[in-house]
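Dear colleague,

Please find below the structure that I am handing over to you. My notes on what was found in it follow directly after.

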Amino acid sequence: MFMSLTVLSQEPILLQKKITLNLKNASLEEILQAIDNEASVHFSYDSKIADSKKRIDFIVEDQSLKNTLDQLCHIYNLEYRLVRQQIVIKEASPADDTQLVKRFTISGHIRDKESGETLPGATVIIKDTKTGTISNAYGFYSITLPAETYELVFSFVGYEKAHKEIELISDKSIDVELELRTLSLMEVTVEYDKQLEDMKKSQSGYLSLNPSVVKRFPEFAGESDLIRNLQTLPGVQTHSEGSAFFFVRGGNKDQNLILVDEAPIYNPAHLFGFYSVVIPDVAKSINIYKADIPVDKSGRLSSLIDIQTRDGNMKKISAEGLLNPLLYRLSLEGPIVKDKASFYTSYRRSNFNWLYKNETPGADLYFMNLNTKLNWKINDKNRLYFAFFYGKDNYTNKESETDPLTGLQWHNFTSTLRWNHIFNNRLFSNATLYVSDYNYALLTGLDPWQSGISDITFKYDFSYFASPDKTILFGMSLTEHEINAGNMSPEEGEQNTYIPTVTAGKAFNAGVYFSREKRINDKWSWKAGLKIPVWNHKGPFTAYEFDENYNVTDTLFYDERESAKTYINLDWRLSAKYNFNDHSALNASFGNYNQYLHLISNSISPLSSFEIWMPSGQNIKPQKARQLTFGYNQLMSYNFEFSADLFYKKMLNQIEYVNHANLLLNPLLERELRFGESRSYGLEISLRKTKGRLTGWLSYTYSRVYNIFPDLNEGQPYPAFYDRPHDFSIFLSFAITERLNMSANWIYYTGSAVTTPVSFYYYNDNLVPLYGERNNDRLPDYHRLDLSLSLKLSKAQRRFQHSLNLSIYNLYNRHNAVSINFNKVETNDGYIVVPANLYGTHEVLSTQKYMVGIMPSITYRFKF
């Protein structure tokens, strides 16, 4: 049966009629009816064609009827012809090999026009369609389309859009430079790109955090810190003041992987966590994953923070820095060869001397870090990057020249060499070689106690851009870990009395991975990934076997050529997205995660203490997790965006400690450990305002996490230390004028779960506490308000830019407890009784300890 739409027209002028339409979410039948109303034409088509469920946005402006029908039929895979005085529409006939539509590829790099730096995560959109792609971590994009004329729109948050009209009759290489947008008072201040967000909605638990947004947070003594400000994001909880520990969706503190230019950072803290190694001004991009972690960067159960540092200005030399009473920083960048090679370097150091030198002249308290990056564009198909990072903390004291040095020291060191190669306009590769070294030292005046971990890794990653709707990633990696699990070693020049306390040997981790992302249609898309890691624990180390009561039954020694234990576990991810319309989408993900490195710590405070990284082996199995998530995103009126995420996570082979565990100088450390499972679930809600003078977001998380360990708490479930049911935060930024900005954030969360005595009794005239269930009590709820006022001292068009920032941390001087203490009890033999668990508290008369009250700060920044 054929249906007819009315009114005839003269054939010679029929296809020349001009059409203007603006239809949203319209069916084919609705579009044809609109054309009929606009141009008074006569259509004939099979009713089965009109039953198509595909709905599209169809926009044409002052186009001929011929061009309008060509575009419509291309979208619906139809064809039309004139028969007498009517237009007949039918399904397109299958083409033979000589009639196949030719497809060509457009590829290239997207860069900053002023500096020449590549822009990762920029969008490339075919105008008036939903077809597009996103540039990768190195600013490379590739999109394959049928031969036709297109208008491409290139965009990146904070930059002006670039439009390119292209007649695609052959493969093309097009590099695009985007110009930084000068914002007026009413324009975007929380930088946001609707197209980018729409294309990334399929990534469950993903957040791209612009470094410029982090810089607007109220400062603590000179800088806005990434790790500390993570707690304003839903699902992320930090330990407390003075801590770089953070917990994501019920995972422990060692289940978060931080990468800087592909290399892992094992301790991100400076000054015990008041600062971190991640400086917003040094970062080019910050990507945070709480679920659906890319399989090529797997290795932790709970989160990934992937940071790329700045490449260096290819156009001109520039410098920037800051001065604060407690620290200073200077950065320098510029071309080595203009548009071919560049450098970037940044040095930061604390300035605490004036606080303590008069009272304790023998003290030496400081932290520092150095970032350096070299970037060389060899030719259009090859590029080299070399990145270097060194960070050190030193908190030592020497009373006199003859006294020994005592205190704490630790350092992080990474060095990365990367080679980008473009095989062709669809296949991109990146080869990476990096080394990472972390060392922790406790100086007691005797032989120093040291622990650490060193990595050397080679990775080779490939990206194949098959079509705008399909991207394939694959590659391999090989890592060697060398682990010092806590040893006493003599000072230089002393007799060699090296005493091994815990031996851990080496571990090798090899893996191959494959992932594929596919957009099925305008509604549905999916992504899947698989990694096959092979973990091998080797000597030299001494292994112990234990019976059910943790008594040693056998001792085994493995030399460096012997393999002790091998694990092969699959990491896999599945995710899908459904678009309800242009403004709302639902996504879901399910993943299996494995972790082979474990942090052992005796910390009973937020401050860093004895830290030991241990590999999976005979007695410590790999940690495992499965996480299921559902998310909903809604773009709302008045520049608001709403999101909600549900998650459930089950974690196996989790690590806890026996009461009063002895972790220091203990060769039988593994028998102090207990293994069980954890379960967490929660709801995360976020509301963001992205445009206007007032911008920011608020977030709320309800979550629970319970541990179940057969050997602890009589096998009954108990809340983990980081179980915090309620977590609320709000961040606001207000542009008072174009040069004056005010920002504030307020944070509240339920106090951490701790163990306190349930009663007391006297024994030999000593008051002794009696403990009941684990984590039976909580610290007082945490909350604080931070405020910041930033004034630009120069006009926007000036080359020399400088500003002044006044921040107040903890404005109303809230004393947030980090522990509850009880008076220690001294026995008749002079011993101190310290009843405690790992995170819990010890002692008998209840008191509370807090780290920081109100903390004002003033910082001067400059750039030229």
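In which sense do strand β18 and β19 pair, and over how many bridges? Strand β18 (residues 256–260) and β19 pair in the antiparallel sense, over 2 bridges. Within this pairing, Leu259 has Pro264 of β19 as its bridge partner. Strands here are DSSP runs (E, at least two residues), numbered from the N terminus, and two strands count as paired if DSSP finds at least two bridges between them.

Please note that this is a predicted model, in which local features need pLDDT of at least 70 and side-chain atom pairs count only at pLDDT 80 or more, while totals for chains, interfaces and linings use all residues. Residues are numbered from 1 along each chain as its sequence is written, and side-chain values use heavy atoms, with hydrogens and water left out.

The two strands above belong to an open sheet of 5 strands with mixed pairing, in the order β15-β22-β23-β18-β19. Its edges are β15 (206–209) and β19 (263–264); each has a single partner strand, so one side of each is left without a neighbour in the sheet.

Strand β7 (residues 103–112) is largely enclosed by the rest of the structure, because 9 of its 10 residues are buried (under 20% relative accessible area, with a 1.4 Å probe and protein chains only). β7 pairs with strand β10 (residues 140–146) in the antiparallel sense over 7 bridges. It also runs parallel to strand β13 (residues 172–173), joined by 2 bridges, and to strand β14 (residues 176–178), with 3 bridges. Bridge partners include Ser107 with Ser173 in β13 and Ile110 with Val176 in β14.

Thr105 stands opposite Thr144 in β10. Thr144 is buried, with a relative accessible area of 1%. Its side chain makes polar contacts with those of Thr105, at 2.8 Å, and Arg426, at 3.2 Å; such a contact is a pair of N or O atoms within 3.5 Å, and within protein one must be able to donate a hydrogen and the other to accept it, with residues adjacent in sequence counting only if both atoms are side-chain atoms.

Finally, the largest nonpolar core has 47 residues, of which Leu271, Tyr275 and Ile600 touch the most other members. A nonpolar core is a set of buried Ala, Val, Leu, Ile, Met, Phe, Trp, Tyr and Cys residues joined through side-chain atoms within 4.5 Å.

With kind regards

Key: Buried < 20%, exposed > 50% of the residue type's maximum accessible area, 1.4 Å probe, protein only. Helix = DSSP H or I, 4+ residues; strand = E, 2+ residues; numbered from the N terminus.
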